[in-house]
Amino acid sequence: MISAATIAQLEAQGIDYILGARERSSKEIRETVLKDDGVSVPLIIPRQKGATELAVKEVKIAGRRYIVCRNPEEARKDAETRAKLLSDLSRKLSQGDKALVGNSGYRRFLVAPDGAGFAIDPAKVEADAAFDGLFVLRTNMKLSPLAVVLRYRQLLSVEQSFLASKTLMATRPVYHRTDAAIRGHIFCTFLALILRHELLARLATRKDPMPEWRQIIDDLADLSVVDVEQDGRRARLRTAPRASIDPVCRAVGLSLPPVFQEMPSSKSAEPAT
């Protein structure tokens, strides 16, 4: 999606795009975009637990628009991961370095200063640190930099929705032979995603703890009613609801039927002749 040919086709057809760029492999990003001294603007995105803090800035090069985003929390995690990796690498270098070259995680920090062995290259370590907590977007849209970031994060939600449809909702595999059946399957899948999104949104506004989606599905599957008949009397019994059923019913404004409901007897239900 981010190849020069693809971007040229998108722009030739007048299609708006927001694409994740390859920060490490793009020379223009490494040597120009990331070294831009423009001022970053803070962006705080609320989450279910806490918030995501980003520093966002816009960089334009010859008409190409980049949005540089840095996440301080992710930068800290990246630095901790690298420090642990370098510690392990230093210990293993003292034991022999031949096996380390095959490990891509180690190899990117190694250098052979005299050709006789390997050592950790401080320049490579410093270069790697420049990417801590960083991601870069490329876009041709006229939205503000902060709006571009928020729009891009919506794409991540779309990917998560497709994942949910294929796993949690078990909409795959699809065995259809006609276009009408395929369209119907896609429609039902999309409708299920909308209903799931609406239910989770309603649950999020309540003070009750948010149940896991798998728990909701299992609890709904366990909820059932059964009709019983004994000595000419009929009744309808409902199973006891599990933990997630009550907040779900409150969120959608539904009430469960009573646990015991007496039904008309089989004789009274017969039509008069």
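This is a predicted model: local features need pLDDT of at least 70, side-chain atom pairs count only at pLDDT 80 or more; totals for chains, interfaces and linings use all residues.
Q: Let's start with helix α3. What end-to-end distance should its 22 residues span?

A: At 1.5 Å a residue, helix α3 (residues 72-93) should span 32 Å. Its end C-alpha atoms are 31 Å apart, which agrees. At the start of this helix, a side-chain oxygen of Asn71 comes to within 3.0 Å of the backbone nitrogen of Glu73.

Q: Which residues of α3 are buried?

A: An α-helix has 3.6 residues a turn, so residues three or four places apart point the same way. In α3 the buried residues are Ala75, Arg82, Leu85, Leu86, Asp88, Leu89 and Leu93. They cover an arc of only 165° around the axis, which puts them on the same side of α3.

Q: How many salt bridges does the model have?

A: The general idea is that side chains of opposite charge can pair when their charged atoms come close. The count here comes to 19 salt bridges, with a cut-off of 4 Å between the side-chain nitrogen of Lys or Arg and a carboxyl oxygen of Asp or Glu. One of them joins Arg202 and Glu198, at 2.9 Å from N to O. Both lie in helix α7 (residues 179-204), four residues apart, about one turn of the helix. Arg202 is partly exposed at 36% relative accessibility, and Glu198 is partly exposed at 38%.

Q: Which salt bridges does Arg242 make with Asp219 and Asp222?

A: Arg242 meets Asp219 at 3.8 Å, N to O. This pair links distant parts of the chain, with Arg242 in the loop between β9 and α9 and Asp219 in helix α8 (residues 213-222), 23 residues apart. Arg242 is partly exposed at 44% relative accessibility, whereas Asp219 is buried at 4%. Arg242 also meets Asp222, at 3.3 Å from N to O. Asp222 lies in helix α8 as well, so this pair ties together parts that are 20 residues apart in sequence. At 32% relative accessibility, Asp222 counts as partly exposed. Elsewhere, salt bridges that share partners join Arg24, Arg82, Arg108, Asp128 and Asp132 into one network.

Q: Now for backbone angles. Where do Ala62 and Asp231 lie?

A: Ala62 is in the loop between β3 (51-61) and β4 (64-70), and Asp231 is in the loop between β8 (225-230) and β9 (233-238). Neither is a glycine, yet Ala62 has a positive phi of about 50° and Asp231 one of about 55°. Ala62 is exposed, with a relative accessible area of 70%, and Asp231 is exposed at 74%.

Q: Finally, the surface. Which residues make the nonpolar patch?

A: Val226, Val228, Leu237, Val259 and Phe260 make a nonpolar surface patch of about 410 Å². Of these residues, Val259 lies in the loop between α9 (245-252) and β10 (260-263).

Definitions and conventions:
Residues are numbered from 1 along each chain as its sequence is written. Side-chain values use heavy atoms; hydrogens and water are left out. Patches are made of residues with over 30% relative accessible area and no salt bridge: like charges are joined within 9 Å, nonpolar side chains (Val, Leu, Ile, Met, Phe, Trp, Tyr) within 5 Å. Accessible areas come from the Shrake-Rupley method with a 1.4 Å probe; for residues, only the protein chains shown count as cover. Helices (H or I, at least four residues) and strands (E, at least two) are DSSP runs, numbered from the N terminus. The expected span of a helix is 1.5 Å times one less than its number of residues. Buried means under 20% relative accessible area, exposed over 50%, partly exposed in between (1.4 Å probe, protein chains only). The arc is that of the directions from the helix axis to the C-beta atoms. A polar contact is a pair of N or O atoms within 3.5 Å; within protein, one must be able to donate a hydrogen and the other to accept it, and residues adjacent in sequence count only if both atoms are side-chain atoms.
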